[in-house]
Structure formats: C-alpha cells, structure tokens
Amino acid sequence: MEWGNFWSSHLPRTSYDIELDAESPNPNDQGFEKMISGMYLGDIVRRVILRMSEESDIFGPVSSRLYAPFALRTPLIAAMHEDDSPELTEVARILKDVLDIPDVPLKARKLVVKICDVVTRRAARLAAAGIVGILKKIGRDGSGGITSGRSRSDIKMRRTAVAVEGSLYTQYTMFREYMSEALHEILGEDIARHVVINVTEDGSGTGTGTALLAASHSSLGSVDNIQPV
C-alpha cells in the first residue's frame, strides 16, 4: 500500500512514538510506519522498559544497553511475547543476554510480556484499521463504497483477497491473531468472513499475483469472487 507516511491526529501517538520519531534519521516522516512496522516495534518496547528502569528499581540498576537504539529487535519481542514457559525463561535470557539486565524477578518478566503485548496489539489493530479503510474506499466493507449511500443489508458481498508480506505477519503469531481479531471486530463477522488474507513472498507484482492465484484456488471462493487490495 505504501501507507507508511500516512498520518492523522486521531492516531494514538505516545511519548515513546514522539521520541522515536525525533531521534530517527527521518523525523516527521513515515509516521504510520513507525507505529506498526516490525522495524520499530522492538525499539518502542525498549523505550518503555528504559523509562520504567529510570523511574523505578523493578529491573535493578539502569542498564547502559537500554540506551542503545534498536538494541531490542522485533523478533526478540515476539520470542518474549510468546514465551509460554512457567518461569518465562526466554524472557529472562533475552533480558540478560541482549539488554544486560540479569536476575529479573518473575513479576518483572511478566510485566515485560505485557509491554510486548500492548505494543504489538496496538500495531496490529492499526494495520487492520488501515486495511478496513481501503475496503471502505472500494466498497468492500459492506457499505457499498463511500458515495453509494447503500446500507450494508443491500450489499451482496464478494470475497476480497488482501496480499500481505513480511515476517512481522508471517512469523509473529500474536501480531497475526490480533490483526485478524481487529478485522472481525471492525467489520463484523458477516463481512469479515469475505476478506481473505494471503501471504506473498515479496513485494513485487509476481509475489502479489501468486498470493491472489492461491486465493482463487482456495476453498474460500473462485477467482471471479476475489478483488485484490
């Protein structure tokens, strides 16, 4: 979509987003991307942990590693977020090995998982809202388009294939689940079941075409019922 530079005063920008943007190589640019992209989610989590370390002793002395931009990558927050071990051993390992924060009590480890959850859920829901915005624009949200004036009950829904690329969606299970959850919440179950998410391996037309071809042969519908987004 190339929607990275989208901006609106309604976006839930926090002090962490403002600081990240100001300290980035491209301040006041790519605002939406900085809230939803896998490139930035890990650094938002790092900034939250840093603020908590500076304002409390929950993580012990403030680690110098917390001041290093992008020291915490998004695959690492996915690993912590999805750590289902009783003692959150993966969370403890990453905090120690990556951020140089050893001996973190279980209560604090649970807090880190919660931070990862909040940041990821916000990103996924914003991405879902962007998709719904496009569906609304082309009349595939059940409203018939922004100028049709037709009610949802008057619309015969056709399936719409949304091609998605990137490891944030393909490898981060919770991000994928939160995005699906938001799509269903915003559109409603009756409309959301007509929206098919398909993974493409790259951003080229070939990759997108492959995803749409796969959609056309899926059990969800024929090629005549699918429109790419």
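**Close-up views of the predicted model**

**View 1. F70 is partly exposed, at 27% relative accessibility.** This class lies between buried (under 20% relative accessible area) and exposed (over 50%), for a 1.4 Å probe and protein chains only. The model is predicted, so local features need pLDDT of at least 70 and side-chain atom pairs pLDDT 80 or more, whereas totals for chains, interfaces and linings use all residues. Residues are numbered from 1 along each chain as its sequence is written, and side-chain values use heavy atoms, without hydrogens and water.

**View 2. F6 and F32 form an edge-to-face pair, one of three aromatic pairs.** Rings of Phe, Tyr and Trp (its six-membered ring) pair with centres within 6.5 Å; planes under 30 degrees apart are stacked, over 60 edge-to-face, and the rest tilted. For F6 and F32 the ring centres are 5.5 Å apart and the planes stand at 85 degrees. F6 belongs to the segment before α1 and F32 to the loop between α1 and α2 (33-36), so the pair ties together parts 26 residues apart in sequence. F6 is partly exposed at 44% relative accessibility, while F32 is buried, with a relative accessible area of 3%.

**View 3. Y40 and F70 form a tilted pair, with ring centres 6.1 Å apart and planes at 55 degrees.** Y40 lies in helix α3 (residues 38-55) and F70 in the loop between α3 and α4 (74-81), so this pair ties together parts 30 residues apart in sequence. Helices (H or I, at least four residues) and strands (E, at least two) are DSSP runs numbered from the N terminus. Y40 is buried, at 8% relative accessibility.

**View 4. Ring pairs link W3, F6 and F32 into a cluster.**

View 5. A polar atom of the D17 side chain lies 2.7 Å from the backbone nitrogen of T14. Leaving aside residues up to four places away in sequence, D17 touches P12, M35, I44 and R122 (contact: heavy atoms within 4.5 Å).

**View 6. I49 touches F59, L66, L99, I101, V112 and I115, not counting residues up to four places away in sequence.**

**View 7. Strand β1 (residues 160-164) is largely enclosed by the rest of the structure, because four of its five residues are buried.** Five bridges join β1 to strand β2 (residues 195-199), and the two run parallel (strands pair with at least two DSSP bridges). A161 has V196 as its bridge partner in β2.

Technical notes
Polar contact = N/O pair within 3.5 Å; in protein donor to acceptor, adjacent residues only side chain to side chain.
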